[in-house]
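The following exercises are to be worked through with the sequence and the structure at hand. Each task is followed by a solution in steps.

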Amino acid sequence: MAVTRSERSGLRALRPESFGADPGGERMARIRRSPHFKDGVFQNPGGTARIRPSGSTRDLAKTYFDKDSRSRRAPKGAIPVHPTTLADISRPPATDLRLTWMGHSGVLAEIDGHRVLFDPVWGERCSPFPFAGPRRLHPVPLPLAALGPVDVVVISHDHYDHLDLPTIKALAGTDTLFAVPLGVGAHLERWGVSAGRLRELDWHETTKVGGLTLTATPARHFCGRGLRNTQHTLWASWVVEGEEHRVYHSGDTGYFDGFKDIGAGHGPFDATMIQVGAYSDFWPDIHMTPEEGVRAHLDLQGGDAAGVLLPIHWATFNLAPHAWAEPGEWMKDAGEEAGQAVAFPRPGEPFEPAGELPAEPWWRAVSGPVARPWSRPRSAEGVAGTSKGDLDLAGER
């Protein structure tokens, strides 16, 4: 039986606000014209990426509900959040480039006199519902209103841990612009952001915001917020170039050869913000391990250990089977082995890539034992409390 237009309108009205909106009209026509849209869906670089967990559902459930595994996926105490104040971030950076990691993938980048806010998530849960789903493991470092004016908010894709309804609705009441991948603007318009404040880009397209050039670059991931994943919104990494500095934000992505092309076209970078958490052997195509994150950074830098790597997408939400602090420990090892400078700020701790980098492994104070199956010898401190079974479970990355 055919569904009438009024019935379709009624169904849309029943759709939860957090699901956002599907692209339509000229936006959908533009999506269909995209060279990256084929057979009714956006395509990943390098061929099809598995977006659903591989292996059996039983194995995945066993991993998630294992008692020992569950205990490792959360901190043992309060995560030490840096007491960020408006004074910390209102004072201009001495080097014209400062990064403040707000937790997960959220970063405030102050670059050549402009302020860019990547993937802000101030909500309590990354979920369509306020009563269910992964809850924050630490509080936000400071209220959203205390950030002060932001020139542009950059969104990597529309998953709940990157595009947060309460955060966007709060920012909709400001005059900030939004740079988003193609199709994502439909969500923001439903939540009160006017079309005139949207810069909606396909891969390799650019937009100017003041003295900044923003470019949407490829990533290897997927999209979707509702019960039906139509793959009609794009996912992206982002390059932001100022007069003197340039930075890269990976969004969510699996490792792929395209990092070399992005580096050749836009690098090298003063700093990269690289996703290195929520990885698993169950979904190897769409998230990177710390070792892959270092490899991606080096690709972006033309093969050189240059610039500063800021690990993101870890510590704030429990989204994968690995130990809570594992991304930090493994990234520390991988960076040292590559001779790459890596910053390890506490959530909310500002730092300048050209200055002294935060390097203390702060997570150790609230973490259980973390397997460190790397090739170089480990200190007794590094492997204390780690059994052979832990090492076997973690595997070689």
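**Exercise 1.** Which residues lie nearest the centre of the largest cavity?

*Solution.* The structure is a predicted model. Begin with the search of the whole structure, which finds three cavities of 30 Å³ or more. Next, select the largest cavity, whose volume is about 110 Å³. Its lining consists of 14 residues, and A315, F317, N318, L319 and H322 are those nearest the centre. Finally, sort the lining by class: eight residues are nonpolar, five are polar and one is charged.

**Exercise 2.** Determine the order of the strands in the seven-stranded sheet and identify its edges.

*Solution.* The sheet is open, and its strands follow the order β8-β7-β6-β5-β4-β3-β15. Its pairing is mixed. Now consider the ends of this order: β8 (198–201) and β15 (350–351) each have a single partner strand, so one side of each is left without a neighbour in the sheet.

**Exercise 3.** How many bridges join strand β4 to strand β5?

*Solution.* Locate β4 at residues 106–111 and β5 at residues 114–118. The two strands run antiparallel and are joined by five bridges. One of the residues to check is I111, whose bridge partner in β5 is H114.

**Exercise 4.** Which residues have the most contacts inside the largest nonpolar core?

*Solution.* This core comprises 68 residues. Within it, V116, F118, L214 and W238 have the most contacts.

How values were computed. Residues numbered from 1 in each chain as written. Predicted model: local features only at pLDDT ≥ 70, side-chain atom pairs only at ≥ 80, totals over all residues. Heavy atoms only, no water. Pairing = 2+ DSSP bridges. Helix = DSSP H or I, 4+ residues; strand = E, 2+ residues; numbered from the N terminus. Core = buried A, V, L, I, M, F, W, Y, C linked by side-chain atoms within 4.5 Å. Buried < 20%, exposed > 50% of the residue type's maximum accessible area, 1.4 Å probe, protein only. 1 Å grid on protein atoms, 1.4 Å probe; cavity = no way out; pocket = protein on both sides within 12 Å on 5 of 7 lines; lining within 4 Å. Points joined across faces, edges and corners; volume = space filled by probe spheres on them. Nonpolar A, V, L, I, M, F, W, Y, C, P; charged D, E, K, R; others polar.
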